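Q: I would like to go through this structure with you, starting with the packing of side chains. Shall we begin?

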Amino acid sequence: MSFEGGGWKMGRLFLHGARLLSRGFCSLGSNRISVCIVGSGPAGFYTAEKMLKAHQTVEVDIIDRLPTPFGLVRYGVAPDHPETKIVANQFSRVAKSERCSFFGNIALGSVISLSELRENYDIVVLSYGAESDRSLGIPGEDLNGIYSAREFVWWYNGHPDCFNMAPDLKSTDTAVILGLGNVALDVARILLRPVSELAKTDISDHALASLQDSTIRKVYLVARRGPAQAACTAKELREILGMKNLHIKIQQVDLDISPSDEEELKKQRIQKRVYELLSKAASSPHCPPAEQRELHFVFFRKPDRFLPSENGCTVGAVHLEKTFLEETGKRLAVGRGEFEDITCGLVLKSIGYKSLPIDGLPFDNHKGVVPNLKGRVLSSYQRGHEAVEHGLYVAGWLKRGPIGIVATNLYCAEETVASISEDVEKGLLTAASGTPKPGRQGLLQLLENKNIKFVPFSGWEKIDAKEKMVGQQRNKPREKVTTWEDLLKASNV
């Protein structure tokens, strides 16, 4: 969703455009390198930072479909992890560089095309992440009360696309989360953490109100494989296991490991620590009071279908098949033909994010990534016959898939920027016509011709100031503006 126009005032565009152009554009001379980065999350900002440091004649423009920058840092990181969000200060310094500008509210594909960007910039780096979800493809997946974990995270983090989601947390005492990665632990923690603690974070106001009335007391984390293969990190697991007044339930039989598991754990230090934490939690004595909240870890189960409740429209249970692991190869989870149900009224699917293709971009639909060679986009990617799209690059989840933590994007960006630097050095990015591409000037002209409103970084700073002011009144770090209309209004574009 994007607001694409409506009463654009020409004077404002030219005034703001002139200010942007004055920030080093003319002084760079004929050696200027124009770079457009699509996506303002960690991968985008790390790429911008590395490019600005590597090339003194580089001018970077970062565009994003949202009016706000920082992507995953703002809308993905859990509200009770404020220390992870501090990196936004570093990204702000990048955005304020004389050679960098932010253009929010510009959606690639609907507002502006990839071909238009490539016509105007020497280098285009795509780092727009993964804004969709993998599907289970099983019966009942369209029942009410079933959401992706991404949608739930966006909802409690105040993403404007999920403002109206309104999950029902009052009609059930049980939620099932499919998956056991860090995102699964995040959403479990938000469902189970006392609201008095969440009230001091930057969680969205509508989510806080809903959690205040929540009747959910039991959360089941369901994993296809065993504890030796759990995808979460020890840090995240330790945090949720250490929550006060939370009863942890793990079946001792699920912790039995095979010789293959033992060999696997010897090679994987993090997974070994995760297994040890789970084993310790299972053996700890618990005498929970009746009102205490419960977190159940359920291993060796995969969803077979979702069963409706009595009304026929809402999920009432998850039908699970017991699994075992193949002893060779990738050790996939294989069904045993034995089934059981978990009664619930809310299901969150934490089975993986998915990137979306756009016109003119090579895309591997099976892997959900853009085929690339160290960040260089490949138009043909048959082994031994790769063909590079000169001037087009990827970084972040679009490059490697939705894995890793925020800092993983730093190393990912470094690799892509190293590839760009090599190509610049070899002269591979020089326009065929020999005429420099217009860069920012061309983008501003394009937006003017299309009558498009964009949000500059100064517009984001107005949103930021408003959120912090309202948050201070409520004893919170900020109170997020959560609708498209209000974001654009607060930015004063």
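Predicted model: local features only at pLDDT ≥ 70, side-chain atom pairs only at ≥ 80, totals over all residues.

Q: Which residues touch the most other members of the largest nonpolar core?
A: That core has 97 residues, and those touching the most other members are Val60, Tyr156, Leu191, Leu237, Leu295 and Phe297.

Q: And which helix gives the most to this core?
A: Helix α7, spanning residues 182-192, gives the most, with 7 residues.

Q: What does the second, separate core include?
A: The second core has 29 residues, among them Ala107, Leu392, Leu444 and Phe454.

Q: Changing topic: in what order do the strands of the open sheet come?
A: The order is β11-β12-β13, three strands with antiparallel pairing. On average, neighbouring strands of this sheet are turned by 25° against each other, with direction ignored.

Q: Why is one side of β11 and of β13 left without a neighbour in the sheet?
A: β11 (301-308) and β13 (333-343) stand at the edges and each has a single partner strand, so one side of each has no neighbour there.

Q: How many bridges join β12 to β13?
A: There are 8 bridges between β12 (residues 315-325) and β13, which run antiparallel. Leu320 stands opposite Glu340 in β13.

Q: Which lining residues lie nearest its centre?
A: Of the 31 lining residues, Ser127, Tyr128, Gly129, Ala130 and Glu131 lie nearest the centre of the second largest pocket. Helices α2 (42-54) and α3 (72-75) each supply at least two residues of that lining.

Key:
Residues numbered from 1 in each chain as written. Heavy atoms only, no water. Core = buried A, V, L, I, M, F, W, Y, C linked by side-chain atoms within 4.5 Å. Buried < 20%, exposed > 50% of the residue type's maximum accessible area, 1.4 Å probe, protein only. Helix = DSSP H or I, 4+ residues; strand = E, 2+ residues; numbered from the N terminus. Pairing = 2+ DSSP bridges. Axes fitted to C-alpha atoms, helices over the stretch in contact; angles between N-to-C directions. 1 Å grid on protein atoms, 1.4 Å probe; cavity = no way out; pocket = protein on both sides within 12 Å on 5 of 7 lines; lining within 4 Å.
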